[in-house]
Amino acid sequence: MWQALYEELGDHGFVPITIAFDESPDAARPYIEKAEPEHPSLIDTEHVVAHRYGMINVPTVVWIDEEGNIARPNTMEYGSDLFIQFTGRESGPFLEAVRAWVETGEIRRDETVPDEMPPPTEEEELARAEWALAWFLHQRGRAEAAARHFDRAGELSPDDWTIRRGSMPIRGKNPMGPEFFELFKDWESRGKRSYANMANERRS
Amino acid sequence: MPSIPFTIIENGGSHEIDATIDRKRGDSVLRLATEPVLEALGWTQKPEGLCQGESCIPIGSRPNLITPQGVDLVARAEVLGRPIAVDQEESVASFGAETASHRSGLAKGIAPDFTLPDLSGKEHSLSSFKGKKVLLIAYASW
């Protein structure tokens with residue numbers, strides 16, 4: 001998908017960069033090999049980009065302009081309508097908005113797009129320090145100790161799926177299994193927090 | 001005091017510090033030998049305070065931050081305005097991002113730089129795409 005967009009718009013000074021929040025290159029490999037990308041297709045096992053950009057779920061898309069400024073902050077967007085029955089978000093208007101941005105510089109927004117990046121809370125920042133600690137312990141084969149800190153990170157930032165769902169494969173749990181449905185219910189019960197309503201919460 | 005290896009994680013890297021931990025104090029203060037900690041993290045202690053290059057943070061109001069027994073890691077994190085996660089049993093501590101500057105950078109709309117590998121292990125930095133419009137797409141198999 002992103003490769004097709006690159007082929008279409010690459011000559012207009014546009015490049016997609018995909019980033020996989022997977023626990024190993026091998027976990028992301030089948031997806032990348034199938035896509036045959038000529039644009040950068042990167043692996044972020046430690047969730048460095050999630051931490052730096054305050055991302056809490058996938059897929060998260062950020063528009064970055066020629067000067068390295070964020071033109072449109074974190075939004076959940078889809079490159080196709082494959083999962084539309086779950087996501088309810090169409091890819092068409094988003095892809096049209098990207099084309100318009102590349103060709104004319106126009107930045108289209110809708111009610112789901114926050115004006116600016118909601119800054120992370122102290123709890124979220126601490127959650128990310130806990131995540132880094134958990135990841136380090138996991139790599140050292142200290143699974144039990146790692147679990148303590150993955151849990152702590154999830155408690156500090158309960159709506160962060162990159163932590164709570166993203167740690168499931170690392171911990172040998174099924175990210176589509178019962179633990180995921182538990183997470184989903186928990187997230188739903190707190191009001192389905194997303195980038196758009198996070199931005200609203202913090203403005204008020 | 002026995003010397004044990006303690007690990008400090010920050011900015012995606014880890015520093016092994018051969019340090020002494022005072023566990024006999026009866027409180028929960030985690031102290032690491034000052035010099036190795038400051039050296040690993042690129043800080044120096046000057047009369048003005050704790051300094052990184054020319055910029056210094058005064059520590060005069062915190063006499064317990066650095067004592068002959070060592071530096072209080074948690075207090076140091078507070079002074080620097082950075083979150084810290086500690087596992088004493090595993091002798092590991094992880095410093096988070098400098099909260100204020102991380103927030104103000106994002107608030108100003110500056111896209112944080114990063115360097116990550118592709119499948120072949122080749123590294124790519126966001127900053128090398130200046131002059132182009134970049135669509136960052138984060139996804140996962142989970």
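1. In this predicted model, A:Leu5 is buried, with a relative accessible area of 1%, a value that falls under the 20% limit used for burial. A:Leu5 sits in helix 1 of chain A, which covers residues 2–9. Leaving aside residues up to four places away in sequence, A:Leu5 touches A:Gly10, A:Phe14, A:Leu95, A:Val98 and A:Arg99, and it also touches B:Leu135 of the other chain. A:Glu36, which is 31 residues from A:Leu5 in sequence, lies 13 Å away from it in space, taken from C-alpha to C-alpha.

2. Chain A as a whole contains 10 helices and four strands, and reading along the sequence gives the order α-β-α-β-α-β-β-α-α-α-α-α-α-α. Its radius of gyration is 17 Å, close to the 17 Å that the globule rule gives for 204 residues, so chain A is as compact as a globular protein of that length. The C-alpha trace spans about 50 × 45 × 35 Å along its principal axes, and 51% of the 204 residues of chain A are buried. When contacts in chain A between residues at least 6 apart in sequence are considered, 52% of them join residues at least 24 apart.

3. Chain B is built from three helices and 13 strands. Its radius of gyration is 18 Å, whereas a compact globule of 142 residues would have one near 14 Å. Along the principal axes, the C-alpha atoms of chain B fill a box of roughly 55 × 35 × 25 Å, and 48% of its 142 residues count as buried. Among contacts in chain B between residues at least 6 apart in sequence, 31% join residues at least 24 apart.

4. Chain A carries 23 positive and 39 negative side chains, the centres of the two sets lying 7 Å apart, while chain B carries 14 positive and 18 negative side chains, with centres 9 Å apart.

5. Over all chains, a search of the whole structure finds 22 salt bridges. One of them joins the side chains of A:Asp159 and A:Arg193, at 3.1 Å from N to O. A:Asp159 lies in the loop between helix 7 (143–156) and helix 8 (161–164) of chain A, and A:Arg193 in the loop between helix 9 (178–189) and helix 10 (195–203), so this pair ties together parts that are 34 residues apart in sequence. Both A:Asp159 and A:Arg193 are buried.

6. A further salt bridge in chain A is formed by A:Asp186 and A:Arg164, whose closest N and O atoms are 2.8 Å apart. Because A:Asp186 lies in helix 9 and A:Arg164 in helix 8 of chain A, the pair ties together parts that are 22 residues apart in sequence. A:Asp186 is partly exposed, with a relative accessible area of 25%, and A:Arg164 is likewise partly exposed, at 23%. A network of salt bridges links A:Asp159, A:Arg164, A:Asp186, A:Arg190 and A:Arg193.

7. In chain B, the side chains of B:Arg82 and B:Glu10 meet in a salt bridge of 3.0 Å, N to O. This pair links distant parts of the chain, with B:Arg82 in the loop between helix 2 (73–79) and strand 9 (84–87) and B:Glu10 in strand 1 (residues 3–10), 72 residues apart. B:Arg82 and B:Glu10 are both buried.

8. Some points of backbone geometry deserve a look. Most residues other than glycine have a negative phi, and most peptide bonds are trans. A:Val58 and A:Pro59, however, are joined by a cis peptide bond, with omega about -5 degrees, and A:Pro59 lies in the loop between helix 3 (48–53) and strand 3 (60–64) of chain A. A:His47, although it is not a glycine, has a positive phi of about 65 degrees; A:His47 lies in the loop between strand 2 (41–43) and helix 3 of chain A, and it is buried, with a relative accessible area of 2%. B:Ser91, also not a glycine, has a positive phi of about 55 degrees; its place is the loop between strand 9 and strand 10 (92–95) of chain B, and at 9% relative accessibility B:Ser91 counts as buried.

Definitions and conventions:
Residues are numbered from 1 along each chain as its sequence is written. Chains are lettered from A and ligands numbered from 1 in the order in which they are written. This is a predicted model: local features need pLDDT of at least 70, side-chain atom pairs count only at pLDDT 80 or more; totals for chains, interfaces and linings use all residues. Side-chain values use heavy atoms; hydrogens and water are left out. Helices (H or I, at least four residues) and strands (E, at least two) are DSSP runs, numbered from the N terminus. The radius of gyration is taken over C-alpha atoms; the globule rule is 2.2 Å times the number of residues to the power 0.38. Buried means under 20% relative accessible area, exposed over 50%, partly exposed in between (1.4 Å probe, protein chains only). Contact means heavy atoms within 4.5 Å. Lys and Arg count as positive and Asp and Glu as negative; His and the chain ends are not counted. The place of a charge is taken as NZ of Lys, CZ of Arg, CG of Asp or CD of Glu. A salt bridge is a side-chain nitrogen of Lys or Arg within 4 Å of a carboxyl oxygen of Asp or Glu.
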